[in-house]
Amino acid sequence: MIAATSPTIWNNRAACGRMYRVRCTGPTNQGVPHPCRGQSIVVKIVDYCPPGCVGTIDLSQEAFSMIADPNAGKINIEYTQ
């Protein structure tokens with residue numbers, strides 16, 4: 001399971017290779033009112049999220065679908081290193 005991160009965590013490449021436990025906490029829009037699957041996953045930070053990425057962690061499609069309905073597109077998360 002892999003992910004990219006925005007400048008908030010990236011810290012000039014310091015986050016590359018770090019592992020984070022990520023859990024869905026709820027929806028960010030009206031599209032899917034209950035997207036969370038109720039589990040958490042561990043992802044490895046492997047890339048920098050490009051400019052315009054406003055989230056803190058951009059999960060791979062596989063990782064996202066493990067914790068939330070892919071139709072949600074975006075979700076609120078909590079994470080710990």
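**A walk through the chain**

Let's begin at S6. Leaving out residues up to four places away in sequence, S6 touches Y48, C49, C53, G55 and T56. Before I go on, please keep in mind that this is a predicted model.

Where does S6 sit? You'll find S6 in the loop between β1 and α1. Is S6 buried or exposed? S6 is buried, and its relative accessible area is 3%.

C49 belongs to the loop between β3 and β4. C49 also counts as buried, at 3% relative accessibility. In sequence, C49 and S6 are 43 residues apart, yet their C-alpha atoms are 5.0 Å apart in space. With neighbours within four places in sequence set aside, C49 is in contact with A4, T5, S6 and D58.

That list brings us to T5. T5 lies in strand β1, which covers residues 2–5. How buried is T5? Its relative accessible area is 0%, so T5 is buried, the cut-off being under 20%. Again setting aside neighbours within four places in sequence, the contacts of T5 are W10, A15, I45, D47, Y48, C49, T56 and I57.

Let's step back to the overall fold. The chain has two helices and five strands. Reading along the sequence, the pattern is β-α-β-β-β-α-β. The radius of gyration is 12 Å, close to the 12 Å that the globule rule gives for 81 residues, so the chain is as compact as a globular protein of that length.

What about contacts across the sequence? Among contacts in the chain with a separation of 6 or more, 74% are between residues 24 or more positions apart. The pair S6 and C49, 43 residues apart, gave us a local view of that kind of separation.

Next, the interior. Of the 81 residues in the chain, 32% are buried. In soluble globular proteins, nonpolar side chains tend to be buried together. Here the largest nonpolar core has 19 residues, and the members touching the most other members are Y20, V22, V43, I57, L59, I67 and I75. Which elements give two or more residues to this core? They are α1 (7–10), β2 (19–27), β3 (40–48), β4 (57–59) and α2 (61–67).

H34 is placed in the loop between β2 and β3. Its relative accessible area is 72%, so H34 is exposed, the cut-off being over 50%. H34 and Q61 are 27 residues apart along the chain, and 18 Å separates their C-alpha atoms.

That's the tour, and I'm happy to go back to any of these spots on the screen.

Terms used
Residues numbered from 1 in each chain as written. Predicted model: local features only at pLDDT ≥ 70, side-chain atom pairs only at ≥ 80, totals over all residues. Heavy atoms only, no water. Helix = DSSP H or I, 4+ residues; strand = E, 2+ residues; numbered from the N terminus. Rg over C-alpha atoms; globule rule 2.2 N^0.38 Å. Buried < 20%, exposed > 50% of the residue type's maximum accessible area, 1.4 Å probe, protein only. Contact = heavy atoms within 4.5 Å. Core = buried A, V, L, I, M, F, W, Y, C linked by side-chain atoms within 4.5 Å.
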